[in-house]
Amino acid sequence: NEVRRGGVTCCRDCSAKSKAALKKTHGESASAEYRTWCAMKSRCENPNFEAYEHYGARGIAVCEQWAKSFDQFLADMGRRPSKDATIDRKNTDGNYEPSNCHWATRLEQANNKRNNRLIEIGGVVRTVAQWARTCGLTEAGIRARLKRGISGQALISPKG
């Protein structure tokens, strides 16, 4: 009767369903990708966030399409390939944007830090940690050799 009189446009059940549909967004709020997206935005946009000084304060930003839409972020990045994958910027001074971001393991991320010491030997550039893993030495051992002025192949040879 109310519908016929024009007082309401749909029944109580339909009204409840349409209100619920309006409230629902992407349905991903419990996902790791959504948590990554929220943390990424906080690092860059919230001066009260603990890591802001290393991101937003340095001028690192989230691209406009990602900042406005989790769905776009997910479409560009895809699902995490594994539980230990986190978002990584290829250029640590660059913004969070499709061309500069990928999923990486913690080890890959550790090799892409601003404070890493890069060493070139025989045309190959690696961090101290990567050279240590490659040649079976400790990072401390390589750093000690660097302090003594040793370079090149002698830096990573077992007899150094």
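Visitor: Why does T92 count as buried?

Guide: T92 has a relative accessibility of 16%. Buried means under 20% relative accessible area, exposed over 50%, and partly exposed in between, with a 1.4 Å probe and protein chains only. The value for T92 is 16%, so the residue counts as buried. This is a predicted model, in which local features need pLDDT of at least 70 and side-chain atom pairs count only at pLDDT 80 or more, while totals for chains, interfaces and linings use all residues. Residues are numbered from 1 along each chain as its sequence is written, and side-chain values use heavy atoms, with hydrogens and water left out.

Visitor: Where is T92, and what does T92 touch?

Guide: T92 sits in the loop between β1 (86-89) and β2 (101-104). Leaving aside residues up to four places away in sequence, T92 is in contact (heavy atoms within 4.5 Å) with R58, I60, N112 and R114.

Visitor: What makes S99 count as exposed?

Guide: S99 also belongs to the loop between β1 and β2, but its relative accessibility is 57%. On that value S99 is therefore classed as exposed. From C-alpha to C-alpha, S99 is 9.4 Å from D76, although 23 residues separate the two in sequence.

Visitor: How do you know that the buried residues of α8 line one face of the helix?

Guide: The buried residues of α8 (residues 139-147) are I142, R145 and L146. Viewed down the axis of α8, the buried residues fall within an arc of 105 degrees, so they line one face. The arc is taken from the directions from the helix axis to the C-beta atoms. The face turned away from that buried side carries A140 and K147, which are exposed.

Visitor: What do the buried residues of α8 pack against?

Guide: Their partners are β3 (118-121), α7 (128-135) and α9 (153-156). Just after α8 comes G149, with a positive phi of about 90 degrees.

Visitor: Why is α7 called roughly perpendicular to α8?

Guide: The two axes cross at roughly 115 degrees and come within 8 Å. Angles of 65 to 115 degrees count as roughly perpendicular, under 35 as roughly parallel, over 145 as roughly antiparallel and the rest as oblique. That makes α7 roughly perpendicular to α8. On the α7 side the contact is made by V128, A129, W131, A132 and C135, and on the α8 side by E139, I142, R143 and L146. By class these residues are seven nonpolar, no polar and two charged.

Visitor: What makes α3 and α5 roughly perpendicular?

Guide: Helix α3 (residues 32-45) packs on helix α5 (residues 70-77) at an angle of about 115 degrees, with the axes 10 Å apart. The two helices are therefore roughly perpendicular to each other.

Visitor: Which residues of α3 and α5 meet?

Guide: From α3 come E33, Y34, T36, W37 and M40, and from α5 come F70, F73 and L74. Six of the residues in this contact are nonpolar, one is polar and one is charged.

Visitor: How many helices and strands does the chain have?

Guide: The chain has nine helices and four strands. From the N terminus on, the elements run α-α-α-α-α-β-β-α-β-β-α-α-α. The chain has 160 residues, of which 29% count as buried. Of the contacts between residues at least 6 apart in sequence, 38% join residues at least 24 apart.

Note on methods
Axes fitted to C-alpha atoms, helices over the stretch in contact; angles between N-to-C directions. Nonpolar A, V, L, I, M, F, W, Y, C, P; charged D, E, K, R; others polar.
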